[in-house]
Amino acid sequence: MNQKMKLLIASALTSLAMLSPAVAENMLRVSYSEDPKTADGQMTTDSYTLPLNIFDRLVESETTAPGESALVPGLAEKWEVSEDGLTYTFHLRQGVKFHDGAVLTADDVVYTFDRMLNPATKALNTDILTFIAGAQDRLDGKADSVSGLKALDDQTVQITLAQPYAAFLALLAAPGASIYNRAFTEAAGDQFGLTPETTNGTGPFILRDYTLNDSQMLEANEDYWRGRAKVDRLLIRVVTDAETLRMLFESDEIDVFDLDYAPTQTPYFYGSDQWKDLIRSGPRVGIYYYNINQAKKPFDDPRVRKAFQMAIDRQTILDKNFYGKGALENGVMPRGLTCYAEAAPIEYNPAKAKELLAEAGYPDGVEIKLQQAANWSPRWSDMNQIIQAQIAEAGFKAQIVTTDEAAFMAARKVGETDNYTQVWSADFNDPDNFFYTFFSESGSKSRAYNNNDPEVFADIERARGMTDQAERCKLYQDLTTRIVDQDAAWVPLFSLDHSYVVQPRVKNFVVPWNGWSDMNYYNVEVE
Amino acid sequence: MLMFALRRILVSIPVLIGITLILFIMLNVVPGDPIALMMKEHGSPEVIERVRAQMHLDDPLITRYLRFLWDALHGDLGTSIKLNRPVTDLILKAFPNTLMLAVCAALVSWLIGIPIGILSAVRRDTFLDRFCMGFSLLGVSMPIFWSALLLQYVFAMKLKLLPVSGFYGWRYMVLPALVLGWSSAGVISRLTRSSLLEVMRLDYIRTARAKGLGEAGVITRHALKNALIPVVTIMAIQVAGLLSGAVITEAIFSIPGVGRITVNAISSRDMPLLQGAVLFATVLVILGNLVADILYSVLDPRIRAQMKKEA
Amino acid sequence: MTDMSDIAAPEALEEASFLRDTLRTFSRNRMAMIGLIFVVTLVLAAAFAPWISPHDPYRVALDEQLLPASTTYWLGTDNFGRDVLTRILYGARISLVVGIVPSLISLAIGTVLGILSGYLGGRTDFVVMRLADMMIAFPSLLLAMVVMYTLGANLLNIFFALALVGWASVARVVRAQTLALREKEFIEAARANGTSRSRIMFGHIFPNVIPTLIVLFSLSIPEAIMWESSLSFLGVGVQPPEASWGLLVAKGKEYMFQAPAVAIAPGVAILLTVMAFNFIGDGLRDALDPSMKD
């Protein structure tokens, strides 16, 4: 007890003695609204800033222009893909060092991917690697290694897929595919990525301090193979409250203000003489949509779904609720995604929607439900209230149902939620990430679309293995027409720009191609 | 005295077990999946299913509860599902911050509450009395997040006297302590007032007055000493109460305390963490009450006698 | 944390004179009277909101977002172009209901259990008091949050959560009074007459706890309003488009820098109402508690 008391007092004192993070030379100060929980990208599906800055991947997706990206060599200097699209051979860069001084070898890569698929790891990001031959057996505990993973020599890794998968390279650029060091990571066990002492990567920054729910401090890696980062230190603070965050920014305690956390402040910053030239904005490869559950009456009728599409005045929502910072979307793929093409515009026409409802047997309108989760960001309940008012004109008498998020998830898993609105941003730059998620056989049910169209299911499976990119894109564009235009199974709303405001001393801040808040700060400079 | 403390502790054990059981049932019989919540929009059903099984979340309720109890008895509160760290560690690291906030807030509430209470009692039923009581009520009558926002805006953003938020030194503590402390100053001032009024009716004060001592002398030299007994004893309870009441203050001022952890645990259905945090908070409340009772008995001889009888 | 245990119960006083005394003392307390007038006005305004306000509280008019105060919109409009004052008027209905209903429930439960516990003693007493200990030891806001998160955020569950949080302290106070009353002569006499236990408890003891209950009631209303505002801030209180004051503040906070009235006005409404109820409670306590009279 006495010992514990001493410990408590000691840590209380240290927390008070900690230095204030006021302006230090050459330190970039950013913030996120939630603690990232871990630097281990295998163990998280939503906080990628630490993995992106502390680790590297075999392949990286580089932002080439606003909303555009290219796959560039990372830890793999070059690679070859076999004719049949099944075998990938990666040649690793020479002399890349981990933060602890160890040299990267092909065995580390094999270890990293095997670790993800090892059931004992309990990894969350396994979807990245399930295409590798033998991955499923490893996940199911039926094998002790993954048959498709081989180190040919110290610098060469060969990965064999069970079936061709066109987006495999794009997947390897995802933060979850970060490369670890075998010896270090094995020793760290399940503590890997949780503390500075148990974190080790090859990336531009080294984790120096991690205080849960408060901050993480990263320091530039002097020996980084691409050359040292431009800033000396990177401070990542956890700030939950949006108004507090804005005050922190205006008091110059934060360098980058992510408007995603406080969208209501958009007009202020765009209208302010002090800040308007310091806004950095870029498109986001993500789509706001309205889900339609065909298992719920009256949405089993395509005419009702069509009417629902037409009854929402998307432009007004975009203009008034999101201050016009974005563009309407009419397909499944948002702008910026590989294979994106303009889709047939969806018209806003409440009168016609009303007619369609009458045709479907609801001349006096129809009662429907819209669902939302209580602890979602207020953005969603705001949108629902607006949409509820808009669609009333066409005859939809909508009731908004609010449940707890956990209950929502449980109901959705079995395909039983009412229509809801959400956003999906690309995990990796490939249409499969959208189509498979929403309209594959498993996705259609577990995301409560119940769009049970066997042809769509088959096409989505087929597209995954196609190697001719032009043909593949054509298929996705046809699928878009079928799903959105013909079957009206999905209501695309819009994609938004992602805006940040930066302090004048921040230079070279580029919004990442996918528009994520999680990004790599390697190129950012601070004066 | 020792017997009394021991008895109180023994009585608290079923209370603790009851609380963990209620929590366990409440969070487990309703649908809700910590893994699905952790993966947010990006979870695929297959992965969720598999990780659930790997974490033994599919074991029967009673098995999991007994396992929890058994481990807790050995000082092991388990591992947080979402944060993947030992619960005991998480709480012990966060606790000093919350304790600091609670103690500072308590100090603020005494600094505001006690003088106001005395002033009100002395000027009983005057305009000053009403005004003072009104002022101390102000703090209780404002939603904490609202008053916090106003104070941040005025003192940090406009006047630039204090930092907006964070936890890096005493200057960072001022606003949160003020917000939280003010919110419980009302209780202290009312207690001081009523207790002082009561004492002043007692015989020995009348005697002191009769001796010709001035009113100020009567109060400072005689009445106050006894009047503050209940105030002192409530302090222990108050600190315990503030510890758990810090939830919102911590969220707004980005203080990495126990409250943040708990809110997180509830919303993410992180059972082990929530159990640990609530157990911890509850133990504090029980301890606070115990300390209060003991203090009371030490300060007030009449109670000491009664305690002996009870034990 | 209100110090209620020191209220002495009026024994079997002559009711008429007791009532007269109480009213006189209460009406002499200026703050309490102001509080009462405020609350009565508020209740009337909330009840007749549709007749008072010309605006629709649920209308969405995106081209009238966040307007400043004007003669049409006295306190301006919110992010949906809704009249802030009208929202506050309608919000009063929900906030008052959220204040009153759970208080009544917890009062009812607390009274029954408190009297049973105090009068019967023994095992009943032990069980009830341990249950109460549990509730009091369990941090209130967390308990309410757990209920809201597990059962879902709606008005009914808010009643349940707040009643669950509130009954225990009522039970303790009532038990303490019952213990004191049990030894009084008129109860002894009733017992000697062979009056049944339930009749003694609810026919004789209950009427004597009523004054305390009234005070507790007036003090627990503002408490419930505050709890609900905290829940709203955490996202598990009343759900939009319905709005309690707590939710109005929590939501309005987002627009604090563009249109401060959206957050400040409902905050002031909470402030005034909570203070008014507290003044009434204090006034009642002074009036009903003979020991506080000179």
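Reply: Just after helix α11 of chain A, Gly361(A) takes a positive phi of about 100 degrees. Helices (H or I, at least four residues) and strands (E, at least two) are DSSP runs, numbered from the N terminus. Please keep in mind that this is a predicted model, in which local features need pLDDT of at least 70 and side-chain atom pairs count only at pLDDT 80 or more, while totals for chains, interfaces and linings use all residues. Residues are numbered from 1 along each chain as its sequence is written, and chains are lettered from A and ligands numbered from 1 in the order in which they are written.

Me: Which residues of α11 in chain A are buried?
Reply: In α11, which covers residues 350-359 of chain A, the buried ones are Ala353(A), Lys354(A), Leu356(A) and Leu357(A). A residue is buried if 20 or more other C-beta atoms, placed from the backbone, lie within 10 Å of its own, exposed if 12 or fewer, and partly exposed in between.

Me: And why do they line one face of the helix?
Reply: Seen down the axis of α11(A), the buried residues fall within an arc of 160 degrees, so they line one face; the arc is that of the directions from the helix axis to the C-beta atoms.

Me: What do the buried residues of α11(A) pack against?
Reply: They pack against α9 (302-311) and β15 (366-373), both of chain A. Two residues are in contact if their C-beta atoms, placed from the backbone, lie within 7 Å.

Me: New topic: is Gly148(A) buried or exposed?
Reply: Gly148(A) is buried, because 21 other C-beta atoms lie within 10 Å. Gly148(A) sits in the loop between α4 (135-139) and β6 (149-153) of chain A, and, leaving out residues up to four places away in sequence, its contacts include Ile132(A), Ala133(A) and Leu161(A).

Me: What about the domains of chain A?
Reply: The assignment, which is an automatic or database one, gives domain 1 (24-38 + 195-281 + 499-526), domain 2 (55-191) and domain 3 (286-497). The C-alpha centres of domain 1 and domain 3 of chain A lie 33 Å apart, and their contact takes nine residues from domain 1 and nine residues from domain 3.

Me: How many residues of chain A are in contact with chain B?
Reply: There are 49 residues of chain A in contact with 47 residues of chain B. On the chain A side, α13(A) gives the most, with six residues. By class, that side has 21 nonpolar, 15 polar and 13 charged residues, where Ala, Val, Leu, Ile, Met, Phe, Trp, Tyr, Cys and Pro count as nonpolar, Asp, Glu, Lys and Arg as charged, and the others, Gly among them, as polar.

Me: Which residues touch the most other members of the largest nonpolar core?
Reply: Of its 341 residues, Ala277(B), Ala144(C) and Met145(C) do. A nonpolar core is a set of buried Ala, Val, Leu, Ile, Met, Phe, Trp, Tyr and Cys residues joined through C-beta atoms within 7 Å. Helix α5 (residues 87-122) of chain B gives the most to this core, with 18 residues.

Me: Last one, how many helices and strands are there in chain C?
Reply: Chain C has 11 helices and zero strands, and buried residues make up 55% of its 294 residues. Its C-alpha atoms fill a box of roughly 75 × 45 × 30 Å, taken along the principal axes.
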